[in-house]
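Subject: Structure for you to look through

Hello,

Here is the structure I promised to pass on. Please open it next to this email and follow along.

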Amino acid sequence: MYNSANAASVVKDHQNLSVVSDREKAREEKVFRLEEVSETRILENAPTNKTAVRMFEEKRRRLVIEKVGKEALSSELFEKARNQIHHYNNTVAGHTLEVSEVGLHIAEILERHGIHVNKEEVIRTTLLHDFGIIGRHEKFKNNFVTNFQHPKDSVKEALKIYPDLSKKEQKNIARHMFPSTFMFPTNREGWILIAADKIASMHDVQRRFFGRRRRAEKAEQAKIASQA
C-alpha cells in the first residue's frame, strides 16, 4: 500500500537517479557488453601483471555471472531495478551486481582452500536476493516493514524467474537479512550471500560518505576562490 509519508523519499529517489545513471551505465557496459568474448578466449589471454590479473579476474567473474544468471539479468524486474535508488547513492541493480561479484569471489577463495561451494547457487541467490524490494515505496509502509518483508517477497519473485529454484536457495534468500532478522542460514552458500550483501552495502555507505565529503571540500574551495 502506498503511504503519503513516503512521497518525499520517492521524489528524492528520482533526483538521485540522475547522479547514479553514469556509474550505472559504466557498470552495465562491464557486465552486458563483453563483446562476445568467450571464456576460452579470456583464459588463453590471461595476463601476468598484478593489476591486469585483478582486472582479468573481475571480467571473468562478470562473464560467469552473466552466463549463469542470464534469466535474472534479462528479467523485467531487473530492468526496474536499474531505476530504483538503493542505499542512497546506488541502484538496486548496481548493488545486486556487486553482491554477486563479491559472492562469487568469496566462493572461489574458499574453493582454493579445499572448501566446496556451489557457485551456481551463490550466483542465483545473490542476483535474486533483493528482487522483493523493487517498488518498496508502493509496497511497504516504512523501512522496518521493508527490512522484514522484502526477503519473503524476493523468494516469490525468484520463483517466477526460476520455477525450479531449490528449497535451499529459497531459504537462503529468505534469510539474507540476518542478523537484522532472526533466522540464520544453515549452509555455507547462505552465509556467503549474507557476507557479500554486507560487504557491498558497506561499499555503498563508504561511497556516500566520501562522496559527501568531496562535495563539501569542493564547495569550500569554490567559496575560498570566490573570496580571493
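Below is what turned up, going from the whole chain down to single residues.

**The whole chain**

Keep in mind that this is a predicted model. The protein chain has 11 helices and two strands. Reading from the N terminus, the order is α-α-α-α-α-β-β-α-α-α-α-α-α. Buried residues account for 43% of the 228 residues. The accessible surface is about 13,300 Å², and carbon and sulfur atoms make up 56% of that surface. Now take the contacts between residues at least 6 apart in sequence. Of these, 67% join residues at least 24 apart.

**The nonpolar cores**

In soluble globular proteins, nonpolar side chains tend to be buried together. Here the largest nonpolar core has 23 residues. Which of its members touch the most others? They are Leu127, Leu128 and Phe131. Helices 3, 4, 5, 6, 7 and 9 each supply at least two residues of this core. Helix 6 gives the most, with four residues.

Look at Phe131 next. Leaving out neighbours within four places in sequence, Phe131 is in contact with Ala72, Ser75, Leu77, Phe78, Ser154, Glu157 and Ile161. There is also a second, separate core of five residues. Its members include Val102, Leu193, Ala196 and Ala200.

**Helix 7**

Helix 7 covers residues 119–128. Eight of its 10 residues are buried, so this helix is largely enclosed by the rest of the structure. The buried ones are Glu121, Val122, Ile123, Arg124, Thr125, Thr126, Leu127 and Leu128. Note that Leu127 and Leu128 have already come up in the largest core. What caps the N-terminal end of helix 7? Asn118 does, with a side-chain oxygen 3.3 Å from the backbone nitrogen of Glu120.

Helix 3 runs over residues 50–68. Check its length first. At 1.5 Å a residue, its 19 residues should span 27 Å. The end C-alpha atoms are 27 Å apart, which agrees. The buried residues of helix 3 are Phe56, Arg60, Arg61, Arg62, Leu63, Val64 and Ile65.

A search of the whole structure finds 14 salt bridges. Start with Arg61 and Glu57, whose side chains meet at 4.0 Å, N to O. An α-helix has 3.6 residues a turn, so residues three or four places apart point the same way. Arg61 is buried, at 7% relative accessible area. Glu57 is partly exposed, at 22%.

Now Glu108 and Arg60. Their closest N and O atoms are 2.9 Å apart in a salt bridge. Glu108 lies in helix 6 (residues 92–112) and Arg60 in helix 3, so this pair ties together parts that are 48 residues apart in sequence. Are Glu108 and Arg60 buried or exposed? Both are buried. Step back and you see a network: salt bridges link Glu57, Arg60, Arg61 and Glu108.

Lys139 forms a salt bridge with Asp153, with the closest N and O atoms 3.4 Å apart. Lys139 lies in helix 8 (residues 136–139) and Asp153 in helix 9 (residues 143–161), so the pair ties together parts that are 14 residues apart in sequence. Lys139 is partly exposed, at 31% relative accessibility. Asp153 is buried, at 11%.

**Asn187**

Where is Asn187? It sits between helix 10 (167–174) and helix 11 (188–227). At 14% relative accessibility, Asn187 is below the 20% cut-off, so it counts as buried. Its side chain reaches the backbone nitrogen of Gly190 at 2.8 Å. A polar atom of that side chain also lies 3.3 Å from the backbone nitrogen of Glu189. Leaving aside residues up to four places away in sequence, Asn187 touches Lys168 and Asn172.

Best wishes

Methods
Residues numbered from 1 in each chain as written. Predicted model: local features only at pLDDT ≥ 70, side-chain atom pairs only at ≥ 80, totals over all residues. Heavy atoms only, no water. Buried < 20%, exposed > 50% of the residue type's maximum accessible area, 1.4 Å probe, protein only. Polar contact = N/O pair within 3.5 Å; in protein donor to acceptor, adjacent residues only side chain to side chain. Contact = heavy atoms within 4.5 Å. Expected span 1.5 Å × (residues − 1). Areas by Shrake-Rupley, 256 points an atom, 1.4 Å probe, with all protein chains shown as cover. Core = buried A, V, L, I, M, F, W, Y, C linked by side-chain atoms within 4.5 Å.
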